[in-house]
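Student: I'd like to learn how to read a structure with two chains. Could you walk me through one?

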Amino acid sequence: MPRTRLIAVLLAGLLPQLAGAQTLDDIVARHLAARGGAERWQAVRSLRMTGRAVAGPGREVLVSREILRPARIRTEFTSQGVTDVYASDGEHGWYASPSTGVFDVQRMSPEDVRQAAEQADLEGPFVGWRSKGHRVELIGKDTVDGREAYQLRTTLAGGHVRVDFIDAQTFLIIRTDTTRRGRGQTLQLETTFGDYRESGGLLFPHSIVSTAKGRPQALEIVVDTVEVNPAIDETRFRQ
Amino acid sequence: MHRGLPWAWLFLLLPAMLHADDIYLKSGGKMSGRILSQTETLVEIDVGVGQIGVPLSSVARIEKKRSPLDDYDDRVKALRPDDLNGWLDLARWASSQGLSTQARLAYQKVLAIDPSNAEANTAMGKVLVDGRWMTEEEGYRARGYVQFEGEWMTPSAQQAILAERAAASDAERARMEAEGRAAEAEARAREAEARAQEAANASIALPYSTYPVYWGPGWGPGPPSWPTPPVVRPQPRPLPAPRPR
């Protein structure tokens with residue numbers, strides 16, 4: 001190959017880097033590194049988090065969430081000393097809600113079980129996304145609350161679509177947009193993540209605020225504690 | 001003997017009657033509060049916002065322990081009515097224990113001392129609009145939101161829902177009409193086939209002169225009801241009737 005053509009080919013390969021552009025794989029790799037690294041995340045077997053869900057002024061409940069590989073999740077809500085439980089072992093889901101007079105176990109709907117399985121993916125969809133069967137596309141750049149962010153659209157293996165905004169400086173997710181259909185309407189949900197803190201060498205958001213487009217109400221989860229790899233009995237997820 | 005003595009006896013009995021217990025349900029749920037009574041079928045517990053009757057058949061075990069409600073009451077007794085910071089601290093503590101009702105009671109005491117206290121007003125669900133504290137609903141209205149099927153939203157969000165439903169309804173109607181047309185075509189085909197058969201059998205039967213017209217199911221029904229949004233904060237229900245033995 002003539003020397004001039006070789007130089008041109010090399011320059012073309014370097015051009016995106018020279019221009020400050022990032023490829024999808026670069027962004028995902030830097031995002032995973034910012035959160036503690038894919039290998040460290042894959043080594044996590046279980047998680048336990050506690051905090052508060054604030055649905056508005058004066059409307060607050062205590063929450064705890066336990067996740068155990070594979071795909072097992074248990075969430076508890078406590079208000080006025082009354083604890084409701086929602087759990088799934090990945091195939092079946094159940095709940096008990098004494099706060100609403102449901103004292104005995106009830107089965108979750110298949111849709112709720114599917115959503116629970118998505119939540120139980122403790123490392124997030126970007127770790128090994130190809131092998132998980134997800135499709136991730138880099139849409140471009142946008143500004144979120146004055147911060148430049150890469151916009152990634154992920155079509156999960158189950159068909160559900162989410163759009164993540166990854167901070168161009170910190171490479172942490174600062175917002176995720178999803179669409180949910182229910183009660184005769186399509187809701188465009190925006191979830192913002194902030195107050196990232198380290199636990200067990202991994203970064204976790206400690207403020208998670210969900211809003212629906214066009215609605216004034218917001219649901220904020222304030223995370224107080226995070227335990228990485230706590231001992232959790234597998235029976236806690238079974239009915 | 002002093003006339004008040006029988007009352008003293010009652011106060012001595014009170015702590016024994018108001019057990020501070022945890023009720024663990026077989027389903028995994030849990031209830032903490034003060035057990036008021038227990039029969040062979042039902043245990044009644046005061047969770048600080050009302051009483052809940054729990055069928056004993058749903059109970060895995062009961063553990064006797066001190067309730068945060070007791071701590072709250074003790075702290076209330078120790079506070080002076082005008083101790084602003086004391087009531088604020090108590091409200092924050094109750095909130096951290098998941099005792100939102102008790103937190104609100106403490107914040108009401110704060111507002112009695114300082115009606116413009118921002119933390120207490122916010123905790124009581126008030127919002128500050130143009131320098132005036134108002135209810136959440138008044139605040140939404142003042143900011144131009146509308147209430148639609150129990151939810152507050154922008155007028156454009158309401159229009160989007162109505163447009164989405166109208167489009168879905170149109171699509172359903174189009175589908176039904178297409179089904180109707182297909183059924184009609186099928187009926188015509190059957191009719192032609194029958195006529196051909198009748199022509200073939202003319203010697204043995206008279207032809208039908210009319211056939212019923214198939215109009216199809218029309219628009220179709222809408223949903224029976226539009227549920228209201230879920231209540232994030234659990235609300236204990238009134239006491240259920242005991243199960244018959």
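Student: Which residue of β2(B) does Val82(A) stand opposite?

Tutor: Keep in mind that this is a predicted model. To read a strand pairing, look at who faces whom across the two strands. Here Val82(A) stands opposite Met31(B). The strands involved are β4(A) and β2(B), residues 30-38, and they pair in the antiparallel sense over two bridges.

Student: How many residues of each chain are in contact across the two chains?

Tutor: For a question like that, count each side on its own. Chain A brings 36 residues, in contact with 46 residues of chain B. On the chain A side, the elements giving two or more residues include β1 (46-56), β2 (59-68) and β4. That side divides into 14 nonpolar, 15 polar and seven charged residues.

Student: Which residues have the most contacts inside the largest nonpolar core?

Tutor: With a core, check which chains its members come from. This one has 29 residues, and those with the most contacts inside it are Ile67(A), Ala87(A), Ile23(B), Met31(B), Ile45(B) and Val54(B). Strand β4 of chain A, residues 82-88, gives the most to this core, with four residues. Apart from it lies another core, of 15 residues, Leu69(B) and Tyr72(B) among them.

Student: What is Ile45(B) in contact with, leaving aside its neighbours within four places in sequence?

Tutor: Its contacts include Ile23(B), Met31(B), Leu36(B) and Val54(B).

Student: And how many helices and strands does chain B have?

Tutor: Seven helices and nine strands. Of its 245 residues, 22% are buried.

Key:
Residues numbered from 1 in each chain as written. Chains lettered and ligands numbered in written order. Predicted model: local features only at pLDDT ≥ 70, side-chain atom pairs only at ≥ 80, totals over all residues. Buried ≥ 20, exposed ≤ 12 C-beta atoms within 10 Å, placed from the backbone. Core = buried A, V, L, I, M, F, W, Y, C linked by C-beta atoms within 7 Å. Contact = placed C-beta atoms within 7 Å. Nonpolar A, V, L, I, M, F, W, Y, C, P; charged D, E, K, R; others polar. Pairing = 2+ DSSP bridges.
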